[in-house]
Amino acid sequence: MSSLLLRRLHQTPRHLLVCEKSHARHAHSRHAAHVRDHAYNCRVSFLIPECGMLPEVLKSTIADVGEYYVVRNLPLHELVAHEFIDNFVKKGSCYALTYNTRIDQDNTAALLPSGKLILSVDKDTYEELGLQGRPSQYSGKKVMRYIITIDLTDSSFHPDSKKNKRVLWALKEKKPLKFDFLLAWYNTGAEGSTLMSYFPQNQIRSLKPKITFSTLRDLQCPVLQSNELQGKPEESCSAEELFEWLGAVLNQVNNKSSNFVSTYCCPQPSTTAEQAFLCTITGFIIPETIIQLLEKLCCYFDEPKLAHWLTLTVHGFADSPVSWRESEHGFHKGGENLYNFVVFRNLDYWLQMAVGTNDDCPP
Amino acid sequence: MAPPPAAFERRVLRSAAEHHYLRVRLELPDGAARPSAALFKQLVVTALRELHGEVGAALPVDVLTYEEKTMSAILRVISSGFVKLWSALTLLGFYQNRRYISISSCIIWEQ
């Protein structure tokens, strides 16, 4: 018994890091698909070494980052209403995620651009709702959490269908659920009503993502070789080393210290960049925006630049019910689900996708 | 000649991170002096020693960032010592012989 406890003391919670390398212009490259599959993103940061001023094209891309909306106290059945489905879900990519709800304690809901509404609810709510679902993968032997998936665009979900009526009845009368929602809608040009005019004015508020810029001086950067994902001793650093270094940079860790307080230092070999440009966008950022930004970042290397590579880091919401696609996501100890691109001068790229304990392997 | 574009490669690293990271915040009763970064590190080592003895105190822990104003820090610990560090911080209850304190923590990212 005691040896088992001792062993547990040394165990670490499961976590996964997937590293891929490929070329951005490769016909089969999946980089855009990976971005698209990760629906809910709360923070996007990019770091360009040896860059003092942002090129105009990137400036305007950042300025164009779309707004998102917060809707307070929205009854969940409003997202299942046919007017909403016809106007928004079917006419573009509609993203919705409950706000200030905790995935390991509260009921949460998320609407994916594919038209799937995912509810992650506790046992009591599940029983009261009476909708068909499945036990959560991560709720242990005694199931305390259930996942209900409703496909709003399915042909069997038309207004007169039994299924539709039952869902509406369950959400309206049986167990009315209300949430604060984050909403975003992306449509390609088609005219139509907007979310702002669809919801009552006193309920909805539009927000602009918060953008911060900073210039880092004399930044020690690891040396990377695009075709050496695992690094080479004395020649280049590995993807894992880069990942840790980047975390340190984004959290403003002083990476020169080597003393009593911290022994962390930049992985070797490294070079010193006189300056590096760091931009962070926080909000409810949809994949379409990130794909656009990534594309513009690739174009950064169209003209000769001093930088050998740049990075784009995207953090997912810790309390989202899904990570990639419809893969169930749980919090466990940190709820991390994030990915990072390293784009090299020749448009080779590395992609790192990381998840914590209660997650499937990223795609 | 430029080297050919990188061929696709995928590696999956399972629980392979060398380090784990914690974001922690120290809560002291009103009026208590705020520790400096070095004292904060000392406090972490004391916590480890109290619960896990000298073996615990020898665990490599780094204080990556520390903000004195909010007494919040990001800690890095070798993965095998993660549970030890978390438990030690949770159970620590004294600072400079005064009863206080709680350290609230959450992981920021486990690689």
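A:Glu20, A:Arg30 and B:Arg10 are joined in a network of salt bridges, a salt bridge being a side-chain nitrogen of Lys or Arg within 4 Å of a carboxyl oxygen of Asp or Glu. The model is predicted, so local features need pLDDT of at least 70 and side-chain atom pairs count only at pLDDT 80 or more, while totals for chains, interfaces and linings use all residues. Residues are numbered from 1 along each chain as its sequence is written, chains are lettered from A and ligands numbered from 1 in the order in which they are written, and side-chain values use heavy atoms, with hydrogens and water left out.

**Interface of chains A and B**

The contact (heavy atoms within 4.5 Å) draws 45 residues from chain A and 40 residues from chain B. About 3,900 Å² is buried between the two chains, and carbon and sulfur atoms give 56% of this area; buried area is the accessible area (1.4 Å probe) that two parts lose on being put together, summed over both. Between chain A and chain B the count is four salt bridges. In one salt bridge, B:Glu9 pairs with A:Lys21.

On the side of chain A that touches chain B, the elements giving two or more residues are helix H1 (2-10), strand E1 (16-23), helix H9 (239-250) and strand E15 (348-355). E1(A) gives the most, with eight residues. Helices (H or I, at least four residues) and strands (E, at least two) are DSSP runs, numbered from the N terminus.

The charged end of B:Lys41 sits over the ring of A:Phe260, 5.0 Å from its centre; this requires NZ of Lys or CZ of Arg within 6 Å of the ring centre and within 35 degrees of the ring normal. A:Lys305 lies over the face of A:Tyr300, at 4.2 Å from the ring centre.

**Salt bridges**

Over all chains, the whole structure has 18 salt bridges. The table gives some of them.

| Pair | N to O distance |
|---|---|
| A:Glu127 and A:Lys123 | 3.7 Å |
| A:Glu328 and A:Arg134 | 3.5 Å |
| B:Arg49 and B:Glu54 | 3.0 Å |
| B:Glu9 and A:Lys21 | 3.6 Å |

A:Glu328 is buried at 5% relative accessible area, whereas A:Arg134 is partly exposed at 35%. Buried means under 20% relative accessible area, exposed over 50%, and partly exposed in between (1.4 Å probe, protein chains only).

A:Glu127 and A:Lys123 are four residues apart in helix H6 (residues 123-129) of chain A, about one helical turn. A:Glu127 is exposed at 51% and A:Lys123 partly exposed at 29%.

**Aromatic pairs**

The structure holds 20 aromatic pairs over all chains. Rings of Phe, Tyr and Trp (its six-membered ring) pair if their centres lie within 6.5 Å; planes under 30 degrees apart count as stacked, over 60 as edge-to-face and the rest as tilted. A:Phe84 and A:Phe199 have ring centres 6.0 Å apart and planes at 50°, so the pair is tilted. A:Phe84 is in helix H5 (residues 82-89), and A:Phe199 in the loop between helix H8 (195-198) and strand E10 (204-207), 115 residues apart. A:Phe84 is buried at 0%, and A:Phe199 is buried at 2%. A:Phe84, A:Phe88, A:Trp185, A:Tyr198 and A:Phe199 form one aromatic cluster.
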